[in-house]
Amino acid sequence: MPLYLPSAVVDYVAADQRRHPAIFGEMPSSAQAGPQPIERLYLTALLDTSRHSEFNRRTQKFAALGDELARLRHCAFGWDGYEAHAPNEGSIAAAGNALRVLDRLNAEPAAVLPSADGGVGLCFTENDRYGHIEFLNNGEAWALMYGPTGEPQSWQLTTDGDDALQQAWAHIRAFLQS
Amino acid sequence: MLCSKPGPTSVPFYSPENEEYYARVHRNGRDPDQHFGLEERPFRRYPEASLVAGKPVPLVMQFDAGVSVNRERFSEPQDVLEPDCCDGRPRPGHVVLALRVSNVPNAISTEDRSGRVFQFRPKHTPCETCYPTQKSGATSPATFTRIMKDRLSKLGTNSAPRWQGK
């Protein structure tokens, strides 16, 4: 007389999948591998986590933008192939301060470039839309934004301090995301 | 002003050194040609490191000293990078933009209620080693620069580099 067993008992495939790989020699067992340095396990887990860290990505991005800004000190007259003046220390310092403010505001410039009018500009892009804040050697600051449709808009940042910068970024952000 | 010196002729970097090049780029006694067609494309060099997402941006376009370009009618795009058209200096790390004459308005009125109108007049100003050079002068640099920057800002979305330097 045949003896029927419940299906769960004869499901060897599922049982095999639960076996430790070391049983089939696919990897060394804990006995074969010896003691694992605990700090290496922690370091591996930390690196895996940091790769997905938005904070770390932004920190690295702003460090790179700071490097771009520092490199502008090496610009010479005619850097654009014509007659553009190099940025002076005042415009570089103003742009550096703007980078710190923008970092706090969660804004992320696409590039830091010298301005052909003499100064430094922070550029923002989003799809086909563009905006920049420009710090000129004469101390003036201007913002400009435009897209594939509509008229370009520009205005001078008139108020002192970080407030004008925050307002300019609010305008540009709204435009880029509209 | 760049390209203003007669200077000795230079060996071309980006074009074959032959009679065709010298006939095209050097003045060779030719008079200025002040006729500008709307479809003509002036060429302008642009630093490659200043492209943002592969596009030129108005931040890097200078207007207060006038817009200096090479005329398409008398030059190839790469000629704007040749030492003959750059005061004898090579321009590595630059790309060439092709603009449109039709994008440049004849006149612009200010929006500050002063009633000022700025005329935009291209002028062919050849030099001995660079016949295609064109300079578009303007008065009242500061205001004009700001207006032109606004008006030409769409360049950044419509234009892409046409020629890549070495």
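Hello everyone. What we have here is a predicted model, where local features need pLDDT of at least 70, side-chain atom pairs count only at pLDDT 80 or more, and totals for chains, interfaces and linings use all residues. Residues are numbered from 1 along each chain as its sequence is written, while chains are lettered from A and ligands numbered from 1 in the order in which they are written.

Let's start with chain B. Its secondary structure has three helices and eight strands, taken as DSSP runs numbered from the N terminus (helices H or I, at least four residues; strands E, at least two). Read from the N terminus, the order is α-β-β-β-β-β-β-β-α-α-β. Chain B has 166 residues, and 37% of them count as buried, that is, with 20 or more other C-beta atoms within 10 Å of their own, those atoms being placed from the backbone; exposed means 12 or fewer.

Now to helix 5 of chain A, residues 89–104. Which residues of this helix are buried? They are A:Ser91, A:Ile92, A:Ala94, A:Ala95, A:Ala98, A:Leu99 and A:Leu102. Because they cover an arc of only 160° around the axis, they sit on the same side of helix 5 of chain A; the arc is that of the directions from the helix axis to the C-beta atoms. An α-helix has 3.6 residues a turn, so residues three or four places apart point the same way. On the face turned away from the buried side of helix 5 of chain A, you will find the exposed residues A:Glu89 and A:Arg104.
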